[in-house]
Amino acid sequence: MHPLVVVVAVASVVATFCWIASLVSRDHSWVDRLWSIVPVVYVWIFAGAAGFGDARLNIMAGIVTLWGARLTYNFARKGGYTGTEDYRWPILRERMSTAQFAVFNIFFVVLYQHALLVLITLPAYTAYEHRGTSVGILDFLVAFGFLMLLAGETIADQQQWDFHQGKKAARTAGREPSTRFLQTGLWRYSRHPNFFFEQAQWWAFFFFGAIAAGSVLQWTVLGAALLTGLFVGSTIFTESITKSKYPEYGEYQATTSAIIPLPPRRTRVARPA
């Protein structure tokens, strides 16, 4: 069976499971729990279909496995696998009728996101279709770039983890944290450096397929492009929630780049007067 058919079949089964699980549990974060796992499976399906004999596909599968391992660990330590639902879904449920959210759940939460998880891995399909093409310096440069972006996201997530652990410790001790949201380290240069590195990794992944095909004019760019669009929408929604909780977040928005790390524009105010 063609590996693309296998990938679509697996994605269909996983999407159906997530939809049924969300109806039974009224927890709509099942896709989140599989986000770091199924792309790894899909890329290995393509590598396996080539008999694990294509060097480029093996490299692609290896680096995506590292991506998945890092993201799974970070998600797990934040309690993602303990039944905690994404805080945004209850907010959306309050803003929508039951019928509206049911439609949103099946078409966006389940179908769109699972389709996206397939699409971001399809540069591996391009590489499979051009398997046997020699691995060259461009492949190694892209692999190195991917690993550097992976390291950047790891640092950003660790800084966020340390901040929230310190914030929790301060409140446990009966003290008010000195700042209410992270503004130091990589977060001094971007309000969402982890988002930047995440998106950039999948753009790097796309280039593997482009190198194999000998052209960047590949339809499989759709995955990286749609992922970027998803992050843009998610950022706008998330920041609207944050700003409603912390009025001083508006100052942070005014001084700090949203996604791409850039020098801050001017001194920010850490806390409201």
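These legends walk through several close-up views of a predicted model. Residues are numbered from 1 along each chain as its sequence is written, and side-chain values use heavy atoms, with hydrogens and water left out. Because the model is predicted, local features need pLDDT of at least 70 and side-chain atom pairs count only at pLDDT 80 or more, while totals for chains, interfaces and linings use all residues.

**View 1. Helix H4 from end to end.** Helices here are DSSP runs (H or I, at least four residues), numbered from the N terminus. H4 has 23 residues, and its first and last C-alpha atoms are 33 Å apart, close to the expected 33 Å. That expected span is 1.5 Å times one less than the number of residues. Look along H4 for its buried residues, among them Arg-56, Leu-57, Met-60, Val-64, Trp-67, Arg-70 and Asn-74; "buried" means under 20% relative accessible area, "exposed" over 50%, and "partly exposed" in between, with a 1.4 Å probe and protein chains only. What covers them? The cover includes helix H3 (38-49), helix H7 (123-129), H8 and H9.

**View 2. H4 against H9.** Here helix H4 (residues 55-77) packs with helix H9 (residues 193-213) at about 170 degrees, and the two axes are 11 Å apart. That angle makes the pair roughly antiparallel; the word applies over 145 degrees, with under 35 called roughly parallel, 65 to 115 roughly perpendicular and the rest oblique. The axes are lines fitted to C-alpha atoms, for helices over the stretch in contact, and angles run from 0 to 180 degrees between N-to-C directions. From H4, the contact (heavy atoms within 4.5 Å) takes in Arg-56, Ile-59, Met-60, Ile-63, Val-64 and Trp-67. H9 brings residues including Glu-198, Trp-202, Phe-205, Phe-208 and Ile-211. Sorted by class, there are 10 nonpolar, two polar and two charged residues in this contact. Ala, Val, Leu, Ile, Met, Phe, Trp, Tyr, Cys and Pro count as nonpolar, Asp, Glu, Lys and Arg as charged, and the others, Gly among them, as polar.

**View 3. Phe-205 and the nonpolar cores.** A nonpolar core is a set of buried Ala, Val, Leu, Ile, Met, Phe, Trp, Tyr and Cys residues joined through side-chain atoms within 4.5 Å. The largest one has 52 residues, and those touching the most other members are Trp-35, Phe-46, Leu-57, Met-60, Val-64, Trp-67 and Phe-205. H9 supplies its largest share, eight residues. Zoom in on Phe-205 and, leaving aside neighbours within four places in sequence, you'll find contacts with Val-43, Met-60, Val-64, Ile-120, Thr-121, Pro-123, Ala-124 and Phe-146. Another core, of eight residues, lies apart from the largest one and includes Phe-163, Phe-181, Trp-187 and Tyr-249.

**View 4. Ile-45 in helix H3.** Ile-45 sits in H3 and counts as buried because its relative accessibility is 18%. Which residues does Ile-45 contact, leaving aside its neighbours within four places in sequence? They are Pro-3, Val-6, Val-7 and Val-10. Leu-57 is 12 residues away in sequence, with a C-alpha to C-alpha distance of 10.0 Å from Ile-45.

View 5. Val-5 belongs to H1 and is partly exposed, at 46% relative accessible area. Although Ser-25 and Gly-83 are 58 residues apart in sequence, their C-alpha atoms are 9.6 Å apart. Next comes Arg-26, in the loop between helix H1 (3-25) and helix H2 (30-34), exposed at 57%. Phi of Arg-26 is positive, near 55 degrees. Most residues other than glycine have a negative phi.

**View 6. Phe-52 between two helices.** Where is Phe-52 found? Phe-52 is in the loop between H3 and H4. Its phi is positive too, about 55 degrees, although Phe-52 is not a glycine.

**View 7. Helices H8 and H10.** Just after H8, Gly-174 takes a positive phi of about 85 degrees. H10 (residues 221-245) has 25 residues and reaches 37 Å, close to the expected 36 Å. Buried residues of H10 include Leu-227, Phe-231, Phe-237, Glu-239 and Ile-241. The buried residues of H10 pack against helix H5 (88-95), helix H6 (98-119), H9 and helix H11 (249-255).
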